[in-house]
Amino acid sequence: MNFALKDDGAPVLGVSYGLGVDSTAMLVGMVKQGLRPDFILFADVGSERRATYAYLPIIQDFLRREKFPPITTVQYEPKYAPYNTLEDNMLTNATLPGATFGRGNCSVKFKIVPQEKWERRFKGRKIIKLVGFEAGEEYRQKRSNQRAHTMKKPNYEYEFPLIQWGWDREECKARIREAGLSVPPKSSCIFCPNMKPEELYDLTPDERGRIVRMEIMAEPYNYKVHGLWREPRKDRPGSITEFLLQNNIEFTYDIIEMPKPQYFTSEEEYFCTLYHECCHSTGSANRLKRPGILKVSFGSPEYAREELIAEIGAAFLCAQSGIENRTIKNSAAYIANWLERLKNDKKLIIQASAAAERAVNYILHSNANSNELAA
């Protein structure tokens, strides 16, 4: 981006944009007052609501019309960790956000750090950052000024225009409408521990399912709290999953459920079964799109083909894990059974093996493009 700064020694004016009501109102107010920033940053934690992300092109178009700089999206970039979103951080470590345990919030790692990394291009120049805290949120202003990055970096100065202008939440909404814009939805992670029960109804079934997955993944290692909501209250349990079930609220979740290892004849058979189910999971519509994973009747040719793919894939993964000598007999018998149902079609075993190879490649290289693997 060409900033065209007039004076190399002058302070740089930036906006920390959050895609919500307050920061959108702040941009509207800046346009009204002719206060043009040098840059606008949105730190994407990767876990906002779908409706929130849908607002980004709307505000981008508004800024373009007003000849303001476009919003630049930044994201956390780890050196070694296998994740770059808050959600994947939680799932990888089978835990819940720090706010669940009273350890503050997640802003520093996933919002402040990526913004400050982007701002290194100004090489120590004074940076005035505008933050959208509304009138009545002076406590957030005080807390923000106490953050470690503010104390350690004297070239940063934070200002809070909405507080200076006296704009509360309702005033912010009115100003947004006055500018001809729709009011954006609330900006927060879909699994925020501070979410109110009624806000769950605004999420999609898939978003609610991601909450369930996070709580299920953390549950075996979680001894301090009941779930994302910490402890039960009169109006709700401590687990969002439990609340969804109690109130028959729809959710979908992408998870493999397995019996406990002690119910298998050996540890190797447990993993062989797990690999079989993992191979099935690769066929979903958002992965390799295999027809046999959709709604098919038990015993049908499509069902049989999918079972062949999953078991051949499991055999490949057992070999990859070095346990095939203890599982190959059962796998061979299972494959032979389904082949017999398909009248020992010779071509089918070749096709199933090729599909199984793609499934295994997807599992071992999940960052690859799904369309390439499905080809």
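These legends describe close-up views of a predicted model.

**View 1. Helix α1 is mostly covered.**
Helix α1 runs over residues 21-33. At 1.5 Å a residue, its 13 residues should span 18 Å. Of the 13 residues in α1, 11 are buried. They are V21, D22, S23, T24, A25, M26, L27, V28, G29, M30 and V31. The cover over these residues includes three strands, β1 (12-17), β2 (39-43) and β4 (127-131). It also includes the helices α3 (56-65), α8 (161-165) and α9 (169-178). After α1 comes G34, with a positive phi near 70°.

**View 2. Helices α1 and α3 pack side by side in contact.**
Two packed helices are described by the angle between their axes and the distance between the axes. Here the axes of α1 and α3 come within 11 Å and cross at roughly 10°. Angles under 35 degrees count as roughly parallel, so α1 is roughly parallel to α3. From α1, the residues T24, L27, V28 and V31 take part. They meet I59, F62 and L63 of α3. An α-helix has 3.6 residues a turn, so residues three or four places apart point the same way. T24, L27, V28 and V31 are also among the buried residues of α1.

**View 3. T85 sits in the loop between β3 and α4.**
The loop joins β3 (71-74) to α4 (86-92). T85 has a relative accessible area of 11%. That is under 20%, so T85 counts as buried. Its side chain reaches the backbone nitrogen of D88 at 3.1 Å. Beyond its neighbours within four places in sequence, T85 is in contact with V45, G46, Q75 and F110.

**View 4. Helix α5 contains F110, a contact of T85.**
Helix α5 covers residues 107-118. Its 12 residues should span 16 Å at 1.5 Å a residue. The end C-alpha atoms of α5 are 16 Å apart, which agrees. Buried residues in α5 are S107, F110, I112, P114, Q115, E116 and W118.

**View 5. E134 lies in the loop between β4 and α6.**
Helix α6 spans residues 138-145. E134 is buried, with a relative accessible area of 11%. A polar contact of 3.0 Å links the side chain of E134 to that of R169. W167 is 33 residues from E134 along the chain, yet their C-alpha atoms are separated by 5.9 Å. Leaving aside neighbours within four places in sequence, E134 is in contact with D22, L162, I163, W167, D168 and R169. Of these, D22 is one of the buried residues of α1.

**View 6. R290 occupies the loop between α12 and α13.**
R290 counts as buried at 9% relative accessibility. Its side chain makes a polar contact of 2.9 Å with the side chain of T282. Apart from neighbours within four places in sequence, R290 is in contact with C279, H280, T282, G283, E306, I309, A355 and A359.

**View 7. The cysteines form 0 disulfides.**
C192 is in no disulfide. The nearest cysteine sulfur to that of C192 belongs to C189, 6.8 Å away. C279, a contact of R290, is buried with a relative accessible area of 0%. The closest cysteine sulfur to that of C279 is in C278, at 7.0 Å. A disulfide needs the two sulfur atoms within 2.5 Å, so the sulfur of C279 is too far for a bond.

Notes. Residues are numbered from 1 along each chain as its sequence is written. This is a predicted model: local features need pLDDT of at least 70, side-chain atom pairs count only at pLDDT 80 or more; totals for chains, interfaces and linings use all residues. Side-chain values use heavy atoms; hydrogens and water are left out. Helices (H or I, at least four residues) and strands (E, at least two) are DSSP runs, numbered from the N terminus. The expected span of a helix is 1.5 Å times one less than its number of residues. Buried means under 20% relative accessible area, exposed over 50%, partly exposed in between (1.4 Å probe, protein chains only). Contact means heavy atoms within 4.5 Å. A polar contact is a pair of N or O atoms within 3.5 Å; within protein, one must be able to donate a hydrogen and the other to accept it, and residues adjacent in sequence count only if both atoms are side-chain atoms. Axes are lines fitted to C-alpha atoms, for helices over the stretch in contact, and angles run from 0 to 180 degrees between N-to-C directions. Angles under 35 degrees count as roughly parallel, over 145 as roughly antiparallel, 65 to 115 as roughly perpendicular and the rest as oblique.
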